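Please work through the exercises below with the sequence and the structure open beside you, and try each task before you read its solution.

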Amino acid sequence: MTTLIHPTAVIHPGAQLHPTVQVGAYAVIGEHVKVGSDTVICSHVVINGRTEIGARNQIFPGAVIGSEPQDLKYDGSLSLVKIGDDNLIREYVTINRATNAGEATIIGNQNLLMAYVHVAHNCVIEDQVVIANSVALAGHVYIESKARLSGVLGVHQFVHIGQLAMIGGMTRIDRDVPPFMLVEGNPSRVRSLNLVGLKRAGFTSEEFGLLKKAFRLLYRSDYSFTQGLEQLDLLPDNPSIEHLRQFIRRSQTEPQRRGIIPGGKQKSRED
């Protein structure tokens, strides 16, 4: 089978495209690009730099992938973009490659990036993440699997967003978003558990009960946040509770992490 390439597409002879890849009109693909089977690259897409794209992705018109990072420290080093399988990358999404040599901006599998999403250098998006229209991710943002980001919001550099978190539209995200929580507002606050997301993910009634207890300890009790976190150690062993506990502790202790977004009744960040 021959590659399905529109005659107006410009593809460097060094690019590696699986024979089943489709390329639309006026697309431009650079020398160091690799594209896996059954991926569809629509019209006016630009893919350059050292970019690796997996199988069965759909890249819609106007997307730009693998361009230089918007980082004044970038010195032309050979950095990468790595994209997995079964992603939907909608119109005018921009995905920049990493800043330093050998580093990568990484998109996992089965993600949906809606129109005008910007993914800056060194970001990592795991699997089954949905990012709505006009969301801007600054450099080094890390998003865990099944998180949901509503439209027209900005995420500060080095922020981590936890598994199955939900962020409301037009929210300012300047600190880490805990797993399983719903966050919204400006300034942003943890409002509740992401109940809809947890139900869709198939959480059991037992898991729901434990996460509700964890939420109350952290955000609705008379404990300080530190005391509430200590109380989580008294809950029964559960992978979700352990993930929540470790996420918060890493957020408070690891270099360049920005601490946790507070809740409505939470004390100061230092509590």
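**Exercise 1.** Is Asp233 buried, partly exposed or exposed? Decide this, bearing in mind that the model is predicted, and then find the charged partner of Asp233.

Solution. The relative accessible area of Asp233 is 40%. Because buried means under 20% and exposed means over 50%, Asp233 counts as partly exposed. Asp233 forms a salt bridge with Arg249, and their closest N and O atoms are 3.0 Å apart. This pair links distant parts of the chain, since Asp233 sits in the loop between α3 (225-232) and α4 while Arg249, 16 residues away, belongs to helix α4. Arg249 is also partly exposed, with a relative accessible area of 28%. Finally, Asp233 and Arg249 belong to a network of salt bridges that also includes Glu242 and Arg245.

**Exercise 2.** Describe the salt bridge between Arg257 and Asp176, and explain which parts of the chain the pair ties together.

Solution. The closest N and O atoms of Arg257 and Asp176 are 2.8 Å apart. Arg257 lies in the segment after α4 (239-253) and Asp176 in the loop between β26 (172-173) and β27 (181-185), so the pair ties together parts that are 81 residues apart in sequence. Both Arg257 and Asp176 are buried.

**Exercise 3.** Sort the residues of strand β9 (residues 50-53) by face, and name the strands joined to β9.

Solution. Thr51 and Ile53 make up the covered face, whereas Arg50 and Glu52 make up the uncovered one. Strand β6 (residues 34-35) runs parallel to β9 and is joined to β9 by two bridges, with Lys34 opposite Glu52. Strand β12 (residues 80-83) also runs parallel to β9, through four bridges, and here Ile53 stands opposite Ile83.

Terms used. Residues are numbered from 1 along each chain as its sequence is written. This is a predicted model: local features need pLDDT of at least 70, side-chain atom pairs count only at pLDDT 80 or more; totals for chains, interfaces and linings use all residues. Side-chain values use heavy atoms; hydrogens and water are left out. Buried means under 20% relative accessible area, exposed over 50%, partly exposed in between (1.4 Å probe, protein chains only). Two strands pair if DSSP finds at least two bridges between them. A salt bridge is a side-chain nitrogen of Lys or Arg within 4 Å of a carboxyl oxygen of Asp or Glu.
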